[in-house]
Amino acid sequence: MASLLEMRNLSIRFHGRGEAVDAVKNLSLSMPQGGSLAIVGESGSGKSVTALALTRLLPAPPAEYLRGNIHFDGESVLAMSPERLRRLRGGGIAYIFQEPSTSLNPVYSIRSQIVEAIRLHRPDVSDPDAETVRWLAAVGIPEPEKRMRDYPHQLSGGMQQRAMIAMALSCRPKLLVADEPTTALDVTIQAQILAELRRLRKEFGMGLILITHNFAIIRGLCERVAVMFRGELVEYGETESILRTPQHPYTKALIACVPRLGAKQRERLQTIEAFQAA
């Protein structure tokens with residue numbers, strides 16, 4: 001199957017006051033067209049830095065791409081011109097983030113924000129309003145003709161996240177990057193959003209990268225998983241295989257941290273000790 005995304009020996013450093021931090025170290029990953037990948041790790045492990053690097057959203061400085069490369073759909077992202085990057089961001093790779101209330105512009109209606117994205121990335125669409133209604137309906141927002149006139153504060157957290165997904169999908173990206181998309185939502189809404197992502201990915205055949213710290217949500221959603229620790233890839237393979245037989249101590253610790261139904265009431269939750277990356 002043709003490759004959609006290739007990262008080879010990617011290293012990213014941040015420069016601060018008198019010190020430098022290596023956020024990503026020699027990372028190599030690949031995804032086929034229409035594939036799905038979970039990148040799992042604690043806060044600070046390099047997950048979100050990796051996701052933002054896919055479209056060079058990291059400000060440079062302080063970020064520095066030390067070595068390696070990123071190829072998307074056969075084209076080097078690090079060699080793209082500013083104009084080409086603008087087309088890639090949203091049109092080729094779209095993002096949804098964990099805090100929709102801060103990602104949506106509070107002074108513009110949902111309609112205005114989605115229509116703007118459609119006009120930028122799909123200028124051939126003759127009726128952006130109808131396309132907006134179509135995508136709001138696709139992600140399960142009731143009465144989309146009415147709700148698209150609402151402002152973000154008039155929607156619940158779950159509806160805001162659905163609106164963000166609709167905006168991302170309205171650009172018809174080849175790859176959707178979901179960075180902790182359910183962290184700010186209650187458990188019931190989390191399950192609904194993840195089910196929507198699973199359904200929409202299959203329906204539209206797009207690739208999916210899910211950034212998360214939680215192994216509990218990746219089963220059935222992502223075919224492969226990459227485990228990151230302190231900027232390094234410590235384990236990579238098929239999701240079911242890693243969930244059944246994790247090899248790295250850090251992966252085992254992450255899985256052990258997931259609360260289990262039926263566990264003894266007095267059983268202590270596992271915590272992650274200090275590991276050295278392999």
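This is a predicted model: local features need pLDDT of at least 70, side-chain atom pairs count only at pLDDT 80 or more; totals for chains, interfaces and linings use all residues.
Residues are numbered from 1 along each chain as its sequence is written, and side-chain values use heavy atoms, with hydrogens and water left out.

Helices and strands are DSSP runs numbered from the N terminus, a helix being H or I over at least four residues and a strand being E over at least two. Helix α8 comprises 18 residues, 187-204, and at 1.5 Å a residue it should span 26 Å, which agrees with the 26 Å between its end C-alpha atoms; the expected span is 1.5 Å times one less than the number of residues. The buried residues of this helix are Q190, I193, L194, E196, L197, L200 and R201, where buried denotes under 20% relative accessible area, exposed over 50%, and partly exposed in between, for a 1.4 Å probe and protein chains only. Viewed down the axis of α8, these buried residues fall within an arc of 155 degrees, so they line one face of the helix; the arc is that of the directions from the helix axis to the C-beta atoms. V187, T188 and K202, on the other side of α8, are exposed. The buried residues pack against β3 (36-40), β6 (93-96), α5 (128-138), α7 (157-170), β7 (175-179) and β8 (207-212), contact being defined as heavy atoms within 4.5 Å. Just after α8, G205 adopts a positive phi of about 65 degrees.

Several of these strands belong to an open sheet of 6 strands, in the order β6-β7-β8-β3-β9-β10 and with mixed pairing, two strands being paired if DSSP finds at least two bridges between them. At the edges stand β6 and β10 (232-238), each with a single partner strand, so one side of each is left without a neighbour in the sheet. On average, neighbouring strands of this sheet are turned by 15 degrees against each other, direction ignored; axes are lines fitted to C-alpha atoms, and angles run from 0 to 180 degrees between N-to-C directions. Strands β3 and β8 run parallel and are joined by 5 bridges, and the bridge partner of A38 in β8 is L210.

Side chains of opposite charge can pair when their charged atoms come close. With a salt bridge defined as a side-chain nitrogen of Lys or Arg within 4 Å of a carboxyl oxygen of Asp or Glu, the count comes to 15 salt bridges. One of these joins R84 to E75, with the closest N and O atoms 3.2 Å apart; R84 is partly exposed, at a relative accessible area of 21%, and E75 is likewise partly exposed, at 31%. Another salt bridge is formed by E131 and R134, again with the closest N and O atoms 3.2 Å apart. Because E131 and R134 are 3 residues apart in helix α5, they are separated by about one helical turn; E131 is buried at 12% relative accessible area, whereas R134 is partly exposed at 37%.

The side chains of R219 and E240 also meet in a salt bridge, at 3.1 Å from N to O. This pair links distant parts of the chain, 21 residues apart, with R219 in the loop between β8 and β9 (224-229) and E240 in helix α9 (residues 239-244). Finally, R162, E196, R199 and E203 are linked in a network of salt bridges, E196 being among the buried residues of α8.
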